[in-house]
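Reader: I am new to reading protein models and would like to know where the words used for them come from. Could you take me through the terms one by one and set each value against its cut-off?

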Amino acid sequence: MSSTLDRRLFLTSLLGAAAGVAGLSGCADGTAATSAKGASTAPLATEVPAGTSLKIASFQNAQELQFKLAKLPKLPFTVSSWLNIGAGPDVINAFRAKSLDLANNAGIPPIQAYYQGFDAKIVAINVTRKPNYLFATKPGSDIRSVADFEGKRLAFSQGQAQGVVLLRALKKAGLAYDDVTLVPLTSNQFLTALQSGQVDIAPLGNVQAPAYLQQYEAKGARTITTDVVDLLSLLWAPVSVLNDRAKAAAVAAYIPQWAQGQVWQYEHPDVWNKEFYVKTQNLTLPQAEAITALANKPLFPPSWDEAIAWEQETADLLAEGGFVKKFDVSPLFDHRFEHLAAEAVPAEYRK
């Protein structure tokens, strides 16, 4: 990773052939593709037309289960499919294939989509104040702090939250990209890479860490916590979906219930532990309770100013490393939806 050329080659390998052809061909002159333009600014319809449907991401079926357990009102449209898709690169590919209309991700996938020249916009924001990720070491490692990452192989997914958490942690520790070796992987490959020793360190979600330690702590694996947060959990959708008046109205109707579902989950940890973590993720109840203890209180800001500033910092951080070209992130936000989540929840959940 010692040159801009190296990083561009790295980016191409990470995105894969299909995404590389579709997205990077538009960046051959060294400038980022223009994206998130041509989006509708028409007022949202007040009612969802009959017959409207959306295809919504529900990673590990969590969103669908949350709606069921919370007993939220019936949505005024049809969810034609709940797709078990969570990773940013997978979501972008599904958006491109028109097999997905709406997804829940962190802040970095919309930046990645922009750089690939794919038009999509953010429609809802949930601010996270506590870390959702920690760093896990391979078995037998002597790494005990981020400062020890120097000279090590780090699992890095540019298009996912784990990637930006890693970059922010390196910057805070005063480590340059050239001080480490970034190994291009997607997050679903991290555990295997740790277990096999392909990488020395990988960022894992709080949900993943207990099971990993249960299996490998006796063999010398450990976790390293930091105060680095990935501020944004967001809903986003392709511009083609948001330009469809009926589908845009359905997205607007979904956002309040999405926010209410997050609040319900936070307020009912015992139910969620048993119904999701124990029954569907095969964790023990103590493991589930340990995860829930780290959960962020959902916060839905009436204004997106902080979110936009954070997204800009993230894009700038990636640009500093040569992973994307610097650009203004403000077009990534569709302000027609800005107030909907905050208005749907009690005052204590409004940022």
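**Words and cut-offs**

Author: Let us begin with Asn61, which is found in the loop between β1 and α2; helices (H or I, at least four residues) and strands (E, at least two) are DSSP runs, numbered from the N terminus. This is a predicted model, in which local features need pLDDT of at least 70 and side-chain atom pairs count only at pLDDT 80 or more, while totals for chains, interfaces and linings use all residues. Residues are numbered from 1 along each chain as its sequence is written, and side-chain values use heavy atoms, with hydrogens and water left out.

Reader: Why is Asn61 called partly exposed?

Author: Buried means under 20% relative accessible area, exposed means over 50%, and partly exposed is in between, with a 1.4 Å probe and protein chains only. Asn61 has 41% relative accessibility, so Asn61 counts as partly exposed. The phi of Asn61 is near 65°, a positive value in a residue other than glycine.

Reader: What makes Ser58 buried, and which residues does Ser58 touch?

Author: Ser58 also belongs to the loop between β1 (53-57) and α2, and with a relative accessibility of 1% Ser58 counts as buried. Contact means heavy atoms within 4.5 Å, and, not counting residues up to four places away in sequence, Ser58 touches Gln63, Glu64, Trp82, Leu83, Asn84 and Ile85.

Reader: How do you know whether Lys71 is buried or exposed?

Author: The relative accessible area of Lys71 is 73%, and therefore Lys71 is exposed. Lys71 sits in the loop between α2 and β2 (78-83), and has a positive phi of about 55° although it is not a glycine.

Reader: Why is Glu47 called exposed?

Author: Glu47, in the loop between α1 (4-24) and β1, has a relative accessible area of 63%, and so Glu47 is exposed. Glu47 and Ala250 are 203 residues apart in sequence, and their C-alpha atoms are 8.3 Å apart in space.

Reader: How do you know that the buried residues of α10 are on the same side of that helix?

Author: The buried residues of helix α10 (residues 269-278) are Trp272, Asn273, Phe276 and Tyr277. They cover an arc of only 110° around the axis, taken from the directions from the helix axis to the C-beta atoms, and this puts them on the same side of α10. Their cover includes α2 (62-70), α9 and α11 (285-293).

Reader: What makes α5 roughly perpendicular to α12?

Author: The axes of helix α5 (residues 161-172) and helix α12 (residues 305-320) come within 11 Å and cross at roughly 75°. Axes are lines fitted to C-alpha atoms, for helices over the stretch in contact, and angles run from 0 to 180 degrees between N-to-C directions. Angles under 35 degrees count as roughly parallel, over 145 as roughly antiparallel, 65 to 115 as roughly perpendicular and the rest as oblique, and therefore α5 is roughly perpendicular to α12.

Reader: How many residues has the largest nonpolar core?

Author: A nonpolar core is a set of buried Ala, Val, Leu, Ile, Met, Phe, Trp, Tyr and Cys residues joined through side-chain atoms within 4.5 Å. The largest one has 102 residues, and those with the most contacts inside it are Phe149, Trp236 and Phe337. Helix α9 (residues 245-267) supplies the largest share of this core, 11 residues.
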